[in-house]
Amino acid sequence: MSWVSALARPEIVQLKSYEHATWEIGLDRLHANELPWRATGDDSVEGLNRYPEPQPRNLIGALAQLYGVPPACVLAGRGSDEMIDLLIRVFCRSGHDDIVICPPTFGMYGVSARIQGAGIASVPLLSAQGFALNVPALLDACGPRVKLVFLCSPNNPTGNALDETSVVHIASRLQERALLVLDEAYVEFSSQGSLVRHLPRLPNLAVLRTLSKAHGLAGARCGALLANAEIIALLRKVIPPYAVSQLTTEAALRQLQPAQLAAMRAGVDMISSERSRMSALLGKVEGVHRIWPSDANFLLVEFQDATRALRRAREAGLLIRDVRAQPGLDRALRISVGTPEQTSRLIEALR
Ligand SMILES: *Cc1c(COP(=O)(O)O)cnc(C)c1O
């Protein structure tokens, strides 16, 4: 048995997945109880009367090309949130297995673990070192119950990218014992590139990417897991039969055309320079205690009076995120980088 099968839940390794209607273009479809014509008002490319192709080949191909991995190493679904849930359901037995998280971090790892009944071990990031990983403590926490370690780089809500050498070291040390799941939802905004390029050398590395942030498709719900083909094959058994809707596929394929990708990169540059401008302006506002450096499209900002800052922003018609419930962030708010006009309004409101 391979180490992946040994690590996964035995029920999933043995599971025979649902057999959806076969996908054979060129033949008339009388096997899926679909309507033979489009509904009036259906202006999609392929027609919404048909079930979509599961894991659409053209979408998987486009994502594989975008991220520089073979198609067999890509699973697409309803955002990276769905990939987090699938990973935990495939690898963690309720009441037996654990995940490790490094707070303050993205909340879905913990939520999905609780839904599945998996345990959660926390190894806090080191705020005194700019929210760096505590590598020795993390490795110590990885006992036999731990199946998945979730790291987020750049991290939400702190904004910093994690040190590449540390991440690679942790993955190497966990070889065949646990998966290192690296969430790169914001990597397009970071000067440190994606660690996807380590996949061929690190078979226990799994990388989460999404079209929700830099690509501007949060409403379409499309994210991907990039991992070794055996891990992808296991998750394919568990993902709902038609997880990626036809509308999502069409929106994603449009957005992955060269012209749109060039526009995406220009947008990332605009957000990055607006991030610097916003940070400089916030630095001059009285009551702003600290602005953390950011590799993402948001800033983590500590205030002397965060409650007042939240209220003043709201009075100016701006929602910002209260992250004070997270360990170590008792005065911090997370502010997304928006347009220059929104930045000005925020600064006015806080002054
Ligand atoms: C926004 C976000 C996601 C969610 O991405 P979807 O693809 O929209 O589900 C995942 N991870 C982190 C850290 C995020 O901030």
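A search of the whole structure, which is a predicted model, finds 20 salt bridges, a salt bridge being a side-chain nitrogen of Lys or Arg within 4 Å of a carboxyl oxygen of Asp or Glu. Side chains of opposite charge can pair when their charged atoms come close. Because the model is predicted, local features need pLDDT of at least 70 and side-chain atom pairs count only at pLDDT 80 or more, while totals for chains, interfaces and linings use all residues. Residues are numbered from 1 along each chain as its sequence is written, and side-chain values use heavy atoms, with hydrogens and water left out.

One of the salt bridges joins Glu-82 to Arg-78, with 2.4 Å between the closest N and O atoms. Glu-82 counts as buried at 9% relative accessibility, whereas Arg-78, at 39%, counts as partly exposed; here buried means under 20% relative accessible area, exposed over 50%, and partly exposed in between, with a 1.4 Å probe and protein chains only.

Another salt bridge brings together the side chains of Glu-274 and Arg-277, at 3.1 Å from N to O. Both residues belong to helix α10 (residues 258-283), where they are three residues apart, about one turn of the helix; helices (H or I, at least four residues) and strands (E, at least two) are DSSP runs numbered from the N terminus. Glu-274 is buried, with a relative accessible area of 7%, and Arg-277 is partly exposed at 34%.

In helix α11 (residues 306-315), Arg-311 and Glu-315 are four residues apart and thus separated by about one helical turn, and their side chains meet in a salt bridge of 3.8 Å, N to O. Arg-311 is partly exposed, with a relative accessible area of 46%, while Glu-315 counts as exposed at 58%. Elsewhere, salt bridges link Arg-29, Glu-34 and Arg-50 in a network.

The aromatic side chains come next. The whole structure holds five aromatic pairs, where rings of Phe, Tyr and Trp (its six-membered ring) pair if their centres lie within 6.5 Å, and planes under 30 degrees apart count as stacked, over 60 as edge-to-face and the rest as tilted. In one of them, the ring centres of Tyr-109 and Phe-150 are 4.8 Å apart and the planes lie at 15 degrees, so this pair is stacked. Since Tyr-109 lies in helix α5 and Phe-150 in strand β4 (residues 146-152), the pair ties together parts that are 41 residues apart in sequence. Tyr-109 and Phe-150 are both buried, and together with Phe-106 they form one aromatic cluster.

A second example is the edge-to-face pair of Tyr-186 and Phe-298, with 5.1 Å centre to centre and 80 degrees between the planes. Tyr-186 lies in the loop between β5 (179-183) and β6 (205-210) and Phe-298 in strand β9 (residues 298-303), so parts that are 112 residues apart in sequence are tied together by this pair. Tyr-186 is buried with a relative accessible area of 7%, as is Phe-298 with 2%.

Phe-298 also has a charge over its ring, for the charged end of Arg-334 sits 5.7 Å from the ring centre; a charge sits over a ring if NZ of Lys or CZ of Arg is within 6 Å of the ring centre and within 35 degrees of the ring normal. Arg-290 likewise lies over the face of Trp-292, at 3.8 Å from the ring centre.

Turning to open space, the largest pocket holds about 430 Å³. On a 1 Å grid over the protein atoms alone, a pocket is an open set of points with protein on both sides within 12 Å along at least five of seven lines, and lining residues have an atom within 4 Å of a point. Of the 21 residues in its lining, Trp-23, Ile-25, Glu-46, Glu-53 and Gln-246 lie nearest the centre of the largest pocket. Helices α3 (57-67) and α9 (246-255) each supply at least two lining residues, and α9 gives the most, with five.

The second largest pocket holds about 350 Å³. It is lined by 16 residues, the closest to its centre being Thr-105, Phe-106, Gly-107, Met-108 and Gln-326. Two or more lining residues come from each of α5 (108-116) and β10 (321-322), with α5 giving the most, three residues.

Note on methods:
1 Å grid on protein atoms, 1.4 Å probe; cavity = no way out; pocket = protein on both sides within 12 Å on 5 of 7 lines; lining within 4 Å. Points joined across faces, edges and corners; volume = space filled by probe spheres on them.
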